[in-house]
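Welcome, and please open the structure in your viewer. We will go from stop to stop, selecting residues and looking at what surrounds them.

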Amino acid sequence: MSDTIFGKIASGEMSADIVYEDDDVVAFRDISPQAPTHVLVIPRKPIPTLNDAAPEDAELLGKLLLAAAKVAAAEGIAEGGYRTIVNCNAGAGQTVFHLHLHVLGGRPMQWPPG
């Protein structure tokens, strides 16, 4: 498993406020939320960035999106709307180099986002 904080959460070495998990994916509340609902969805497999995902990761990447939809439904934000974000590398704001998907909702989102 990865030696990042997210890898440690995925392996159970560190605790987090987990809202969803299965064999491939873990979702937990962000410790610095940017919206009333802010959940991170990560693969258990350590993939540093989206650039590092390989063709054999295609199914896992799909599972991340399906888990995000499950989280949004469970959090009560699916019908009202939510945003999913993947930051890739430091210039885009990625600070933990374990691929993760942000699920944000519970307030109106603005465009452009960044």
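## First stop: Gln34

Leaving aside neighbours within four places in sequence, Gln34 is in contact with Leu104 and Arg107, where contact means heavy atoms within 4.5 Å. Before going further, note that this is a predicted model, in which local features need pLDDT of at least 70 and side-chain atom pairs count only at pLDDT 80 or more, while totals for chains, interfaces and linings use all residues. Residues are numbered from 1 along each chain as its sequence is written, and side-chain values use heavy atoms, with hydrogens and water left out.

Gln34 is in the loop between β2 and β3. Strands such as these are DSSP runs (E, at least two residues), helices are runs of H or I with at least four residues, and both are numbered from the N terminus.

Two or more lining residues come from each of β4 (82-85) and β5 (101-105). By type, the lining divides into 4 nonpolar, 4 polar and 2 charged residues.

A word on the terms: on a 1 Å grid over the protein atoms alone, a pocket is an open set of points with protein on both sides within 12 Å along at least five of seven lines, whereas a cavity is a set where a 1.4 Å probe fits but cannot get out; lining residues have an atom within 4 Å of a point. Ala, Val, Leu, Ile, Met, Phe, Trp, Tyr, Cys and Pro count as nonpolar, Asp, Glu, Lys and Arg as charged, and the others, Gly among them, as polar.

## The largest pocket

Of its 24 lining residues, the closest to the centre are Phe6, Asp30, Ile31, Leu40 and Thr95. The elements giving two or more residues to the lining are α1 (5-11), β2 (25-29) and β3 (37-43), and α1 gives the most, with 3 residues. The lining of the largest pocket is made up of 11 nonpolar, 10 polar and 3 charged residues.

## His100

Next, select His100, which UniProt lists for "active site" in an unreviewed entry; such annotations may be inferred rather than shown by experiment, and positions are given in the numbering used here, with feature names shortened. His100 is found in the loop between β4 and β5. Is His100 buried or exposed? His100 counts as buried because its relative accessible area is 6% (buried means under 20%, exposed over 50%, partly exposed in between, with a 1.4 Å probe and protein chains only).

Show the surroundings: not counting residues up to four places away in sequence, His100 touches Phe6, Leu40, Val41, Ile42, Ile85, Val86 and Gln94. A polar atom of the His100 side chain lies 2.8 Å from the backbone oxygen of His98, a polar contact (N or O atoms within 3.5 Å, one able to donate a hydrogen and the other to accept it within protein, with residues adjacent in sequence counted only if both atoms are side-chain atoms).

Go to Thr37 in strand β3, which is buried at 8% relative accessibility. Beyond four places in sequence, Thr37 touches Glu75, Ile77, Val103, Leu104 and Gly105.

Then select Asn89, in the loop between β4 and β5. Asn89 has a positive phi of about 80° although it is not a glycine. Finish at Pro112, in the segment after β5, where the peptide bond from Trp111 to Pro112 is cis, with omega near 0°. Most residues other than glycine have a negative phi, and most peptide bonds are trans.
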